[in-house]
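Please examine the sequence and the coordinates together before reading on. The paragraphs below are intended to be read with the model open.

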Amino acid sequence: MRGLITIILLALSNLFMTIAWYGHLQWKETSWLKHAGIWSIIFFSWGLAFFEYVLQVPANKLGFKANGGPFTFFELKTIQEALSLIVFTLFLIFVVKSEKLAWNHFVGFGLIILAVIVIFKKW
């Protein structure tokens with residue numbers, strides 16, 4: 001159960017991260033963002049990133065083996081990176097909608113899945 005909760009918290013954390021890093025590029029036509037300077041956007045993104053950390057830090061603490069969780073450092077980082085790409089891709093598909101997935105993206109994602117398998121395999 002700790003593993004599942006860890007993965008859910010990391011996925012939600014990545015959602016906030018993706019919006020903080022890329023949301024302002026998509027919503028630049030929003031009235032207040034249209035006239036916002038770079039510092040306003042940075043502070044807005046930091047505010048969103050706060051929620052990323054509120055979710056990610058407990059996820060890592062809960063999921064880490066030394067704290068009774070099922071994952072090692074490498075496994076936690078691998079999960080986070082894989083989820084980051086999944087959340088980012090979903091953000092592009094459902095929010096941005098201007099970028100299309102191509103064959104090379106699928107090949108790259110397949111290689112990432114292979115990397116996850118290699119890291120999680122007990123050799």
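The account moves from the overall architecture to the core and then to individual residues.

The structure is a predicted model, in which local features need pLDDT of at least 70 and side-chain atom pairs count only at pLDDT 80 or more, while totals for chains, interfaces and linings use all residues. Residues are numbered from 1 along each chain as its sequence is written, and side-chain values use heavy atoms, with hydrogens and water left out.

The protein contains 5 helices and 0 strands; helices (H or I, at least four residues) and strands (E, at least two) are DSSP runs, numbered from the N terminus. Read from the N terminus, the order of elements is α-α-α-α-α. The C-alpha trace spans about 55 × 35 × 20 Å along its principal axes. Of the 123 residues, 29% count as buried, where buried means under 20% relative accessible area, exposed means over 50%, and partly exposed lies in between (1.4 Å probe, protein chains only). The accessible surface comes to about 8400 Å², and 75% of this area belongs to carbon and sulfur atoms; such areas come from the Shrake-Rupley method with a 1.4 Å probe, and for residues only the protein chains shown count as cover.

The unreviewed UniProt entry carries the annotation "transmembrane region" for residues 7-24, 36-55, 76-96 and 102-120. UniProt positions are given here in the numbering of the model, feature names are shortened, and annotations may be inferred rather than shown by experiment. In the model, the span 7-24 is 100% helix and 0% strand, with its end C-alpha atoms 26 Å apart. The span 36-55 is 90% helix and 0% strand, and its end C-alpha atoms lie 28 Å apart.

Which residues make up the largest nonpolar core? The set has 9 residues in all: Leu9, Leu10, Leu55, Ala59, Phe64, Phe71, Leu76, Ile79 and Leu83. The elements that give two or more residues to this core are α1 (2-26), α3 (38-63) and α4, and α4 gives the most, with 3 residues. A nonpolar core is defined as a set of buried Ala, Val, Leu, Ile, Met, Phe, Trp, Tyr and Cys residues joined through side-chain atoms within 4.5 Å.

Leu55, in helix α3, is classed as buried because its relative accessible area is 17%. Beyond four places in sequence, Leu55 touches Leu9, Leu12, Ser13 and Phe16. Ile79, under the same exclusion of residues up to four places away, touches Ile7, Leu10, Phe71 and Phe120. Ile7 belongs to helix α1 and counts as partly exposed because its relative accessibility is 33%. Apart from neighbours within four places, Ile7 is in contact with Phe71, Ile79 and Leu83. The C-alpha atoms of Ile7 and Gly63 are 8.4 Å apart, although 56 residues separate the two in sequence.

Two serines are also buried. Ser84 lies in helix α4 (residues 73-96) and counts as buried because its relative accessibility is 13%; not counting residues up to four places away, Ser84 touches Asn14 and Met17. Ser45 lies in helix α3 and is buried because its relative accessible area is 14%. Leaving aside neighbours within four places in sequence, Ser45 is in contact with Ala20 and His24.

Arg2, in helix α1, is partly exposed because its relative accessibility is 33%. Not counting residues up to four places away, Arg2 touches Lys61, Leu62, Asn67, Gly68, Gly69 and Pro70. Lys97 is placed in the loop between α4 and α5 (103-120), and is exposed because its relative accessible area is 53%. Although Lys97 is not a glycine, its phi is positive, at about 65°.

Methods: Contact = heavy atoms within 4.5 Å.
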